[in-house]
Amino acid sequence: MDNKCIFCKDIFPLDYQNISDEPKYWTFVHDIKPICDFHCNVILKKEVSWKEHICDLWDEKIPDDVLSELGIVLNKSVIAIKKSSEKIKRVNIVSLNSWSKSKHLHFHLIPIFEGEDVKKINDINTDWWGLSFLSRKEIVQDTLDEFINQTCWELSSDILTSIEIATKKRVSNNVILLKKYFSI
Ligand SMILES: [Zn+2]
């Protein structure tokens, strides 16, 4: 347990984002700052207690049954996400735990929609498009509020509040669908 970690806090997961607590070791939630509809996370439960955070899959302390269940939960989660929208063509799964603020083992499940161009944050070597796309979430979410504050001045508070309300409503609606399609 780490009090500074959002996933270790007692309030996590928030009711409106929680899809399933049913797995023994993993929680399936909708991201509360999603980059798109049905952007979800599979997160190691805080109750699964080791002395310190498990940061990556290469950690040899992770018991086999935790890993076995991870495979099943990822599979069932991706199935639920795909069933939630006919426009979803595939679901990327990524771990971004290498980031210094992100030490609690979790995975992002990011749908790619029909006709969606792969997004690039930098016009760099095309061989790196996957990494650029998958990193987009962390970079945008970490800087969005600051960007709006610095560009919109006195309007920023209203804009940020509107974004927050709209996002919460959207996540709540998506969670209803995901709950319907998720079973384990
Ligand atoms: Zn944690």
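Which residue in β2 is the bridge partner of Ser20? In this predicted model, the bridge partner of Ser20 in β2 is Phe28, and the points below set that pairing in the context of strand β2, which covers residues 26-30, and of the two strands that pair with β2, namely β1 and β3.

**Strand pairing around β2**

**Burial and side-chain direction in β2**
- Five of the five residues of β2 are buried, so the strand is largely enclosed by the rest of the structure.
- In a regular strand, side chains alternate between the two faces of the sheet.
- In β2, Trp26, Phe28 and His30 point one way whereas Thr27 and Val29 point the other way, and all of these residues are buried.

**Asn18 in β1**
- Asn18 lies in strand β1 and has a relative accessible area of 16%; because the cut-off for a buried residue is under 20%, Asn18 counts as buried.
- Leaving aside residues up to four places away in sequence, Asn18 touches Pro13, Thr27, Phe28, Val29, Val175 and Lys179.
- Among these contacts of Asn18 are Thr27, Phe28 and Val29, which are buried residues of β2.

Terms used:
Residues numbered from 1 in each chain as written. Predicted model: local features only at pLDDT ≥ 70, side-chain atom pairs only at ≥ 80, totals over all residues. Heavy atoms only, no water. Buried < 20%, exposed > 50% of the residue type's maximum accessible area, 1.4 Å probe, protein only. Helix = DSSP H or I, 4+ residues; strand = E, 2+ residues; numbered from the N terminus. Pairing = 2+ DSSP bridges. Contact = heavy atoms within 4.5 Å.
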